[in-house]
Amino acid sequence: MNWLLEFFGKADNWSGPAGIPARLLEHLEFSVMALVLAVLIAIPLGLLIGHTGKGGIGVVVTANLARALPTLGLLVLFVLLLGTASILPVIIPLVLLAIPPILVNTFEGIRGVDPELRDAAYGMGLRSGQVLGRVLVPVALPLILLGLRLSAIQVVATTTIAAYTGLGGLGRFVIDGFSTQDYASVVGGSVLIVLFALVVQVLFTLVRRMTVSPGVSQRVKVR
Amino acid sequence: MADGPPSMWAMADGPPSIWEWIARNWDTGRVDSIKNLLGDHLIMSLVPIVAALVVALPLGLASVRWRWLYQPTTGVFNVIYALPSLPVFMLLIQFTGLSKTTVIVPLTFYACAVLIPSVVDGLGAVPEHVRQSAVAMGFTPLRRLVQVELPIATPVVIAGLRVVAVSSISLVSVGALIGQGGLGMLFTRAYQNPFVPPALVGIVLIVLLALIADGLLVLAQRLLTPWVRARRSA
């Protein structure tokens, strides 16, 4: 508790490039950047593979392998190989690790749609693209959003760890504090990151509640 | 190139190849030899997997027996699951010190978040007529659970265990940032030196461990549920 008071009570911690607001913004910026890039790659790919049914096994195998990849190791490897001239070596592993949850859940969501529903949509004269956009995506939305949420959790955590390889963000308080034995900073930073992760979690729950069609979410509840 | 200071390449035999580096560091007798780190890594990833199974089975059973328990239980574990590992380790240090426990406890909670729904879904997959047949044959509730319901739930529980095993094995390495990372210590060593081979060796060994654990679980499932294959070939 004393550490928290010391950390949050210190005026220096509230201003400047190493202050809480600046670090929070950085953390948000890196997380959003990684998540957006991952979404741009994983959602179209997942929709395509789920809709055509081609390459599904590849997706599942790759995603399982990706889960085994140690975040810290990947970050260190990329930074050692590509240098620290830009933040690119840190962003690449962030995006790489953010892709699998979105990709798998999008793919599984689309593939898991009741075939009768799909056939009914075709029977009503919808074209392939329309079936995807008007029927498959809305029905698969809960799973797609679950993938996004898992990926966001992953990105927030990885961004924290990336502070070890020189990236800014809230992880700096924790990593720097730990190496200089400034435990107020470690504990304060940790609490901030935990709160940040919880807010992200709540946001995704709200988005899910607002975007998933009532008919679909009822079906999910029945399960 | 010519008029620069003599670089590390100017050394007689150059930097060691990755194989030389492994051979030199495999068993140095020190705590940070690759062999010892591998042992630490196994302990820190296996204990959470087993502990989570021990916790998740009764909690899952209770959630099936008393439905109202399920939502709050999974709710709590979902929130815990969303917490990034590094700050959780850091906050735990005050209570458990710089020990393996600091890594093992959070990993157990993460694993429970995955396993409890698996146990509940697995038991939910037991067809009602099978359950009633067991009752009609005079099975006591305990015997019904052990001989009928748990075996039928096994594939779903093992699917959850596979996710847990692979992600625990890779997550342990984050502990390196508090000096307890098993093979993850190779990553901090690589970064500090800076030298690529330890990082590569660490990644490869961790992925290999994960693949082996996954393979063993698949094997366990085949052995525990022989009827699945019998039905397929019939």
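Tutor: Helices are DSSP runs of H or I with at least four residues, and strands are DSSP runs of E with at least two, numbered from the N terminus. This is a predicted model, in which local features need pLDDT of at least 70 and side-chain atom pairs count only at pLDDT 80 or more, while totals for chains, interfaces and linings use all residues. Residues are numbered from 1 along each chain as its sequence is written, and chains are lettered from A and ligands numbered from 1 in the order in which they are written.

Student: How many helices and strands are there in chain A?

Tutor: Chain A has 10 helices and 0 strands. The C-alpha trace of chain A spans about 65 × 40 × 25 Å along its principal axes.

Student: What percentage of the residues in chain A is buried?

Tutor: A residue is buried if 20 or more other C-beta atoms lie within 10 Å of its own, exposed if 12 or fewer, and partly exposed in between, with C-beta atoms placed from the backbone. In chain A, 43% of the 223 residues are buried.

Student: At what angle do helix 6 and helix 7 of chain B pack?

Tutor: Axes are lines fitted to C-alpha atoms, for helices over the stretch in contact, and angles run from 0 to 180 degrees between N-to-C directions. Helix 6 (residues 128-136) and helix 7 (residues 141-171) of chain B pack at about 165 degrees, with their axes 11 Å apart. Helix 6 of chain B is therefore roughly antiparallel to helix 7 of chain B, a term for angles over 145 degrees.

Student: Which residues of these two helices meet?

Tutor: Two residues are in contact if their C-beta atoms, placed from the backbone, lie within 7 Å. Val130(B), Ala134(B) and Val135(B) in helix 6 of chain B meet Arg144(B), Val148(B) and Ile152(B) in helix 7 of chain B. The residues of this contact comprise 5 nonpolar, no polar and 1 charged. Here Ala, Val, Leu, Ile, Met, Phe, Trp, Tyr, Cys and Pro count as nonpolar, Asp, Glu, Lys and Arg as charged, and the others, Gly among them, as polar.

Student: How many residues of chain B are in contact with chain A?

Tutor: In chain B, 31 residues are in contact with 31 residues of chain A. Helix 9 of chain B gives the most to the side of chain B that touches chain A, with 9 residues. That side of chain B has 25 nonpolar, 6 polar and no charged residues.

Student: Is Ser170(B) buried or exposed?

Tutor: Ser170(B) is buried, because 26 other C-beta atoms lie within 10 Å. Ser170(B) belongs to helix 7 of chain B. Not counting residues up to four places away in sequence, Ser170(B) touches Arg67(A), Ala68(A), Leu69(A), Pro70(A), Ile206(B) and Ala210(B).

Note on methods:
Parallel < 35°, antiparallel > 145°, perpendicular 65-115°, else oblique.
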